[in-house]
Amino acid sequence: MIKDIKMELMTDQTITTSSVSDNTIDLGANASGDALDELYLVVSVGAADFDSSGDASTLTLDLQSGSTATPTASVVKTSAIAQSALTKGAVVLAQRLGRGLGRYIRLSYTCSAAFTAGSLNAFLT
């Protein structure tokens, strides 16, 4: 697997409440999206297990793409991921991306309740 810093959406980004990735990838003005046929989205848990006060929180991930710097069109969306699956180093998503991505790509995430610890790494490869 090749990892390019320009293709990173998150690097050990702390997750507490619902938000979006620190980085938005800009494929450039001439991007048609078709060259991304063989790319994968990889999301893994960072340096520590996720934790919450009730231990029942879940996390939903949504890769978004579009023609503006704040894309909203869903490309890949997970079902709710249980806190028990969000352990240090766990790969929670590895998904091949299809054709037709927009110029801008970001990762949105929704927490069912606030987390007190946990971080994610996310990138395209």
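A search through the whole structure turns up 1 aromatic pair (ring centres of Phe, Tyr or Trp, the last by its six-membered ring, within 6.5 Å; planes under 30 degrees apart are stacked, over 60 edge-to-face, the rest tilted). Keep in mind that this is a predicted model, where local features need pLDDT of at least 70, side-chain atom pairs count only at pLDDT 80 or more, and totals for chains, interfaces and linings use all residues. Residues are numbered from 1 along each chain as its sequence is written, and side-chain values use heavy atoms, with hydrogens and water left out.

**The aromatic pair**
- Phe50 and Phe115 have ring centres 4.9 Å apart and planes at 85°, so they meet edge-to-face.
- This pair links distant parts of the chain, 65 residues apart: Phe50 is in the loop between strand 4 (40-45) and strand 5 (58-66), and Phe115 is in the loop between strand 9 and strand 10 (119-124).
- Both Phe50 and Phe115 are buried (under 20% relative accessible area; exposed is over 50%, partly exposed in between, with a 1.4 Å probe and protein chains only).

**The overall build**
- The protein chain has 0 helices and 10 strands (DSSP runs numbered from the N terminus: H or I of at least four residues for helices, E of at least two for strands).
- Of its 125 residues, 46% count as buried.
- Take contacts (heavy atoms within 4.5 Å) between residues at least 6 apart in sequence: 81% of them join residues at least 24 apart.

**The nonpolar core**
- The largest nonpolar core holds 29 residues, and Ile15, Leu41, Val43, Leu59, Leu61, Leu107 and Leu120 have the most contacts inside it (a core is a set of buried Ala, Val, Leu, Ile, Met, Phe, Trp, Tyr and Cys residues joined through side-chain atoms within 4.5 Å).
- Strand 1 (8-14), strand 4, strand 5, strand 8, strand 9 and strand 10 each give two or more residues to this core.
- Strand 9 gives the most, with 4 residues.
- Beyond its neighbours within four places in sequence, Leu41 touches residues including Leu9, Leu63, Leu93, Leu107 and Phe123.

**The salt bridge**
- There's 1 salt bridge (a side-chain nitrogen of Lys or Arg within 4 Å of a carboxyl oxygen of Asp or Glu).
- Asp26 makes this bridge with Arg103, and their closest N and O atoms are 2.7 Å apart.
- Here too the partners come from distant parts of the chain, 77 residues apart: Asp26 is in strand 3 (residues 25-26), while Arg103 is in the loop between strand 8 (91-96) and strand 9 (104-111).
- Asp26 is partly exposed at 39% relative accessible area, and Arg103 is partly exposed at 27%.
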